[in-house]
Amino acid sequence: MNRRSLLHTLGLVASSISLPSMGMAKSSSPKNSKPYRIAHITDVHMMPLIGAAKGLEKCLSHIQNLPSKPDLIINSGDAIMDAHRGGRGVAEKQWRLWNDVLTHSLSTPIIQSIGNHDIWCKNENPQSIVDGKKWALDELKEEKCYTSKDLGHWHLISLDSISPNQDGQWYTGKIDEEQMEWLKNELAHIPPLKPVMIVSHIPILSACIFFDGKRFEKNQWNVPGKWMHEDASELKDLFLKYPNVKLAISGHIHLLDRVEYNGVSYCCNGAVSGAWWSGDYQQTKPGYAIIDLYPDGSFTNTYTTYKS
């Protein structure tokens, strides 16, 4: 079965989903209104010896030399590579490279989130993951794993997608009970007419996960919790109570898609590293997204490559 036939079978060619493209937008932008501009970078996977540092430098230069410079950069996780698998010294070297690049190449404010690759955990147990997150936060210069920030006409909520998994695998995609209560409280206190953008490392809802690896076997689709939020249904129900939740962005999969569901646009925005610094990953080039948030609640989410 070819890709088009498969998409038709899944019902994903309906107008509710825009397939991966270099530019994706929702609604017409109001004329003569200046948007709040965000550059969304994700999945840099800083590694020595393969040019990752120079690649990130090139990406940041591309972003910061746009005709209209972003007001903010969001890094949604996986700044470094496989911290949980290597020794502490390997992770330390990668974090030094990451911070060296940001020190010398970044002049734009940045908000950073934790991805699974950022967490060094010796025993892959819950307490070790907590300690690893603390180290990652220190390197990212962030105080908390999940945050809320007023952007003027919009509001930003950044979630922590990485939770210990009870089945013996070291993480899964979900938010814990404490964070869920925090999120409910935050949404309840945001003015109902102020649009909200959600950031997560792991997608809350995604289409491209069906094509990341061999996901169909024995007449059944298999989507691991590591690929998409296990609590997607609970989050969907929560967002239904707050129609001002308009946009949710993520990374993690290294692929590009957009899913429209119940008035929320879910955009998985590729990866700066592409195929882990080995070129394109499937049909998605190494890149980042430019997100323009307009005062009337509309937005555009445009993916572009920084490669020549």
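Trainee: Which residues line the largest cavity, and what makes something a lining residue?

Mentor: A lining residue has an atom within 4 Å of a cavity point. Ile198, Val199, Ser200, Pro203, Ile204, Leu205, Ala248, Ile249, Ser250, Tyr266, Cys267 and Cys268 line the largest cavity, so each of them passes that test. Bear in mind that this is a predicted model, where local features need pLDDT of at least 70, side-chain atom pairs count only at pLDDT 80 or more, and totals for chains, interfaces and linings use all residues. Numbering runs from 1 along each chain as its sequence is written, and side-chain values use heavy atoms, with hydrogens and water left out.

Trainee: Why is it called a cavity?

Mentor: Because a 1.4 Å probe fits at its points, on a 1 Å grid over the protein atoms alone, but cannot get out. About 60 Å³ of space lies in the largest one, where volume is the space filled by probe spheres set on the points, joined across faces, edges and corners. The whole structure has 2 cavities of 30 Å³ or more.

Trainee: Which strands supply at least two residues each of that lining?

Mentor: Strand 10 (196–199), strand 13 (245–250) and strand 15 (264–269) do. Strands are DSSP runs of E, at least two residues long, and helices are runs of H or I, at least four, both numbered from the N terminus.

Trainee: How many residues of each class are in the lining of the largest cavity?

Mentor: There are 10 nonpolar, 2 polar and no charged residues. Ala, Val, Leu, Ile, Met, Phe, Trp, Tyr, Cys and Pro count as nonpolar, Asp, Glu, Lys and Arg as charged, and the others, Gly among them, as polar. The second largest cavity, of about 30 Å³, has 3 nonpolar, 4 polar and 2 charged residues in its lining; Glu142, Lys144 and Tyr146 are among them.

Trainee: What makes a nonpolar core a core?

Mentor: Its members are buried Ala, Val, Leu, Ile, Met, Phe, Trp, Tyr and Cys residues joined through side-chain atoms within 4.5 Å, and buried means under 20% relative accessible area (1.4 Å probe, protein chains only). The largest core has 63 residues, and Ile198 is one of those touching the most other members. Helix 2 (residues 52–64) gives the most to this core, with 6 residues. Apart from it lies another core, of 15 residues, including Trp154 and Met197.

Trainee: Which residues does Ile198 touch?

Mentor: Leaving out residues up to four places away in sequence, Ile198 touches Ile157, Leu159, Ile204, Phe239, Val245, Leu247, Ala248 and Ile249. Contact means heavy atoms within 4.5 Å.

Conventions
Buried < 20%, exposed > 50% of the residue type's maximum accessible area, 1.4 Å probe, protein only. 1 Å grid on protein atoms, 1.4 Å probe; cavity = no way out; pocket = protein on both sides within 12 Å on 5 of 7 lines; lining within 4 Å.
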